[in-house]
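The sequence and the structure are shown first.

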Amino acid sequence: MCAAVYASDPNAAPDSEFLPGELSHLVIGNRGRLLDARRTPVTITAADPDRGAFEVEIGAFEDAGAHWEVPLEDVGRFQFARGGAVAAAEVVAELESAVRRFDRVRVVECDPGARQETLRRIERTRRDVRIGLPAAVDLAARVQARAGAPELFALLEEFMAGRGVADLERLFTGAFVSNPRSGEFVKGHAIVLAELGLCPYRGKVVRDPGVFEGPLGKARRAEHIVARLAFSAELWSGRGEETVTLYRGAAVEGRLPEPAWSSFVSATFSREVATAHFEGGPATRTAVMWRQQVPITRLLMTFLETREMSRRFNEAEVVLISEPGNAAF
């Protein structure tokens, strides 16, 4: 990857020094690597069959020190150092049983009536955003710097506090920027998004029975989603924009797989960032890059107004609501 965009280790050990990830490697203290282009180092910190997940601590790069909760069935996305500890046969059997319980798909389709009511709700909420939007931000300069606008950070945070969802804003943006697949929080939002009629959910079953309990309830999650979409729509329409030009890049170590469904799509305003993903790493065999004009109604959040997107990863990122049938965006 381009050093100007992402950190990497030019002296990373070759894959031959590691073993493909298996459940038997999920022993606390074992060291391994994520099978991404830069081979991000990790250490196992927990394995929990009751949640069907294991936890890793990230050992380097922008997200160093972060803890990710990963589904047990995704252990194949990692490799582990030779000579590490091996879990006992009965522990592996318990983990295998957990995989069978949780590695199942749930589908939540969208109701057209719910969608129309949600769109009306977004429009009503937009009236509250129209007060106090600052003068136009120099988007080109911000994209070049890959850093958001502090005046918009403050405006969004004030708006979210006024809607009573500032805590969900911090949780969602923090989880999404680090790893949207870690844990259940982003999954909970994806399920509520489907129930609002905005985008179907096609993903794994819920592993954490408390994902919608207390302050994480569906009503508050729905309020956060509506507030976010209203803020983004008003921000961009206030700039006179109906669409934005976005980029995505991807590199894989084999043939390009069929796109996996996700309720949210990450893209970037920066061609440079997309190119860094396109370049991949030493083992890359296939790479693609996309560019598309995307309507502002699909923008959930962008780096311009989202403080968390300028803390560690400076990617000029935007998160979109997925659109069925759109293979690239």
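Glu315 touches Tyr6, Arg146, Thr268, Val273 and His277, leaving aside residues up to four places away in sequence. The model in which these contacts occur is a predicted one. Glu315 is placed in the loop between strand S12 (299-302) and strand S13 (317-321). With a relative accessible area of 15%, Glu315 is buried, because buried means under 20% relative accessible area. The side chain of Glu315 also forms a polar contact with the side chain of Tyr6, at 2.4 Å. Between the C-alpha atoms of Glu315 and Gly254 there are 25 Å in space, for a separation of 61 residues in sequence.

Arg146, one of the residues touched by Glu315, is found in the loop between helix H3 (139-145) and helix H4 (150-162). Arg146 counts as buried at 10% relative accessibility. The phi angle of Arg146 is near 55°, a positive value in a residue other than glycine. Arg39 likewise has a positive phi, of about 55°, although Arg39 is not a glycine. The loop that holds Arg39 lies between strand S2 (31-34) and strand S3 (41-48), and Arg39 is buried, with a relative accessible area of 9%.

### Helix packing

How do helices H5 and H6 pack, in terms of angle and distance between axes? Helix H5 (residues 166-178) and helix H6 (residues 185-195) meet at an angle of about 110°, and their axes are 9 Å apart. The two helices are therefore roughly perpendicular to each other, since that term covers angles of 65 to 115 degrees. Their crossing is left-handed. On the H5 side the contact is made by Leu168, Leu171, Phe172, Ala175 and Phe176, and on the H6 side by Phe185, Val186 and His189. By class, this contact of H5 with H6 comprises seven nonpolar residues, one polar residue and no charged residues.

H6 also packs against helix H7 (residues 218-238), at an angle of about 80° and with the axes 9 Å apart. H6 and H7 are therefore roughly perpendicular to each other. H6 contributes Phe185, Gly188, His189, Val192, Leu193 and Glu195 to this contact, while H7 contributes Lys218, Arg221, Ala222, His224 and Ile225. The residues of the contact of H6 with H7 divide into five nonpolar, three polar and three charged.

His189 lies in helix H6 and takes part in the contact with H5 as well as in the contact with H7. With a relative accessible area of 1%, His189 is buried. Not counting residues up to four places away in sequence, His189 touches Phe172, Arg221, His224, Ile225 and Phe264.

### Further loop and strand positions

Ser263 is in the loop between strand S9 (243-252) and strand S10 (264-268). At 5% relative accessibility, Ser263 is classed as buried. Beyond residues up to four places away in sequence, Ser263 touches Ala190, Leu193, Cys199, Pro200, Tyr201, Leu320, Ile321 and Ser322. Among them, Leu193 is also one of the H6 residues in the contact with H7.

Is Thr286 buried, partly exposed or exposed? At 23% relative accessibility, Thr286 counts as partly exposed. Thr286 belongs to strand S11 (residues 286-295). Residues up to four places away in sequence aside, Thr286 touches Ala250, Ala251, Val252, Gly254, Arg255 and Leu256. A polar atom of the Thr286 side chain lies 2.5 Å from the backbone oxygen of Gly254.

Gly83 is found in the loop between strand S6 (78-81) and helix H1 (89-102). Gly83 counts as exposed at 81% relative accessibility.

The following table gives C-alpha separations for selected residue pairs.

| Pair | Separation in sequence | C-alpha to C-alpha distance |
|---|---|---|
| Glu315 and Gly254 | 61 residues | 25 Å |
| Gly83 and Leu19 | 64 residues | 9.5 Å |
| Thr286 and Gly197 | 89 residues | 35 Å |

Methods. Residues are numbered from 1 along each chain as its sequence is written. This is a predicted model: local features need pLDDT of at least 70, side-chain atom pairs count only at pLDDT 80 or more; totals for chains, interfaces and linings use all residues. Side-chain values use heavy atoms; hydrogens and water are left out. Axes are lines fitted to C-alpha atoms, for helices over the stretch in contact, and angles run from 0 to 180 degrees between N-to-C directions. Helices (H or I, at least four residues) and strands (E, at least two) are DSSP runs, numbered from the N terminus. Angles under 35 degrees count as roughly parallel, over 145 as roughly antiparallel, 65 to 115 as roughly perpendicular and the rest as oblique. A crossing is left-handed if the near helix is turned anticlockwise from the far one by less than a right angle, and right-handed if clockwise. Contact means heavy atoms within 4.5 Å. Ala, Val, Leu, Ile, Met, Phe, Trp, Tyr, Cys and Pro count as nonpolar, Asp, Glu, Lys and Arg as charged, and the others, Gly among them, as polar. Buried means under 20% relative accessible area, exposed over 50%, partly exposed in between (1.4 Å probe, protein chains only). A polar contact is a pair of N or O atoms within 3.5 Å; within protein, one must be able to donate a hydrogen and the other to accept it, and residues adjacent in sequence count only if both atoms are side-chain atoms.
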